[in-house]
Each structure stands twice: as structure tokens, then as C-alpha cells.
Amino acid sequence: MYRVKEAFYTLQGEGAQAGRAAVFCRFSKCNLWNGRESGRATAVCDFCDTDFVGTDGQNGGRFEAAEALAAHVSALWPSDPRADRDNGIRPYVVCTGGEPLLQLDEPLIAAFHQQGFDVGVETNGTLPAPVGIDWLCVSPKADAAVVIDECDELKVVYPQPLAMPERFLAIRASHYFLSPMASPVTPENGRDPVKASNTRKAVDYCLQHPRWRLTIQMHKIVGID
Ligand SMILES: C[S@@+](CC[C@H](N)C(=O)[O-])C[C@H]1O[C@@H](n2cnc3c(N)ncnc32)[C@H](O)[C@@H]1O
Ligand SMILES: Nc1nc2[nH]cc(C(=O)O)c2c(=O)[nH]1
Ligand code: SF4
Ligand SMILES: [Mg+2]
């Protein structure tokens, strides 16, 4: 059984795939926070900006079979993803959450591929990844041990006192990104002074350590999901 909080079609807002159209499949549950505000202060990961509790979001639900979830995702692509693929377009599903590696398995990856999708994953890196993922983004959290030693992009939310970038240089990646830590809930007026201050700090770190590049949460600026 796969539990999905929400699924929606948007542009990837972060990392090396930023700007690419994708169906986001947000799985329920995380191993580093129970998702309740009452548990945030004692969570391993205490800055999460996402609601991943339950299956009640847009296009959320419970799916018994991999094929059923892949068909559900396919229906959110604006045209026939298999036909698009035949025409040189690469339909894209981003598996996120919550922590997608609690649920994503080889049958579901195969079912996404069967529907014509490239499969991207956003993970905290604490769980092993199944084979077949086309784009793997690892974003370490606090002192949680990272068990993935190779990925497409490493995306370190900055600053985290227990997860400073130097700690992850042994992880092989094609891209090394810093992503400024935003407030868990964007303030009503849309201005986030915490994010602004962290962005300046991330800029300074990248200037001093040119292995690292800045990525920003473009979707929050553009005003899309
Ligand atoms: C909600 S997480 C879900 C996937 C996975 N559990 C993870 O942590 O990578 C998706 C992305 O949002 C990032 N993120 C979460 N809260 C954030 C915040 N307050 N500021 C910036 N990035 C944040 C995570 O680091 C991750 O790259
Ligand atoms: N547009 C957009 N891009 C994203 N990249 C990673 C996201 C996530 O929450 O995993 C995310 C998201 O929630 N929206
Ligand atoms: S950012 Fe990722 S690891 Fe942290 S609580 Fe949110 S879903 Fe879990
Ligand atoms: Mg997000």
C-alpha cells in the first residue's frame, strides 16, 4: 500500500532540474519528524516547510498497487506521457514527501517508467535507495547518518549547525548545492527575513568554497506549488 499526501503538476523549483515540468508525488510520513507541530522541537529535522501527514491533500490517497499510483500520476501530466516521450520530451515525476524512500520501491519505479516518466527523488539520505532512479537528490538533515554515498545532487539546507557542508564532501555527486533555510511557514506578508539572512550566509559560503553552488526555492518566489 502506498500512501500519498498530495500530487500536483508544477515546475521543479530547486536544484539542477529547476524549471523542469514535473508531477510531484508527495508521500506521507517521514522518519525524522512525525509531522505534528507539537513534535517539531524534539524532531531530528526541525525546520521542515511541508505538511506530509495523512492522505487528504490535492490528489492524495491510498494506492494498493504500483500500477494504480503510476496511472494516477500519469493522469496529472498535461498530455499522454508515453506519446510525449516518443517525441523527445522527458516526462518527469518527482517523488518527495515526507520521506519517499520509506515507500518507493522497484515495482513503483518500473510502473512510472512504463508510463513514460523519468523518476526523480528528493530524500534525506538516511535510507537506501532502490535501483532504477533517474535523478537522486540527497538533502542531509542535522546529525542523521547519511547512508547514500553517491547521488546526482547533494542539496544541503544551510545553515544547519549539525550538518555543515564540509561533512558531506565524501559523498560523490554531480552537483553540490546549498539551499538557504527558509522559515517553516512563510509569513503572511510573503517576506521571510530568516530566509533572507540565511541566503546571505549561503552566498558567502559559496563565495568562499566554490565547489558549492547556490540554489533557491524558485517556486516560492514565483508563487507556484
Ligand atoms: C520536504 S523535503 C521532502 C524530501 C525529503 N524528506 C528531504 O528532506 O529531502 C523536500 C525538500 O525541501 C527541503 N526543505 C524542507 N524544509 C525546508 C526549509 N525550511 N527551507 C529550505 N528547504 C527546506 C528539504 O531539504 C528537501 O530538499
Ligand atoms: N515547485 C516545487 N519544487 C520543489 N522541489 C522540491 C520540493 C519538495 O517539497 O520536495 C518542491 C516543491 O514542493 N515544489
Ligand atoms: S525536510 Fe524532509 S526529512 Fe525533514 S521533516 Fe521534512 S520531510 Fe522529513
Ligand atoms: Mg517543498
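Residues are numbered from 1 along each chain as its sequence is written, while chains are lettered from A and ligands numbered from 1 in the order in which they are written. Because the model is predicted, local features need pLDDT of at least 70 and side-chain atom pairs count only at pLDDT 80 or more, whereas totals for chains, interfaces and linings use all residues.

**Ligand 1.** Select ligand 1 and the 18 residues that surround it, of which D49, T50, N124, S139 and A182 are the closest; a residue is near a molecule if its C-beta atom, placed from the backbone, lies within 6 Å of it. This shell has seven nonpolar, seven polar and four charged residues, where Ala, Val, Leu, Ile, Met, Phe, Trp, Tyr, Cys and Pro count as nonpolar, Asp, Glu, Lys and Arg as charged, and the others, Gly among them, as polar. At least two residues of the shell come from each of β5 (118-123) and β7 (150-158), strands being DSSP runs of E with at least two residues, numbered from the N terminus.

**Strand β5.** Now select β5, in which five of the six residues are buried, that is, 20 or more other C-beta atoms lie within 10 Å of the residue's own, with C-beta atoms placed from the backbone.

G13 is found in the loop between β1 (2-11) and β2 (21-27), and it counts as buried because it has 21 C-beta neighbours inside 10 Å. R26, by contrast, is in strand β2, and R26 counts as buried because it has 24 C-beta neighbours inside 10 Å.

**The core.** Finish with the largest nonpolar core, which has 44 residues, with C25, V93 and F112 making the most contacts inside it; such a core is a set of buried Ala, Val, Leu, Ile, Met, Phe, Trp, Tyr and Cys residues joined through C-beta atoms within 7 Å.

Technical notes: Helices (H or I, at least four residues) and strands (E, at least two) are DSSP runs, numbered from the N terminus. A residue is buried if 20 or more other C-beta atoms lie within 10 Å of its own, exposed if 12 or fewer, and partly exposed in between; C-beta atoms are placed from the backbone.
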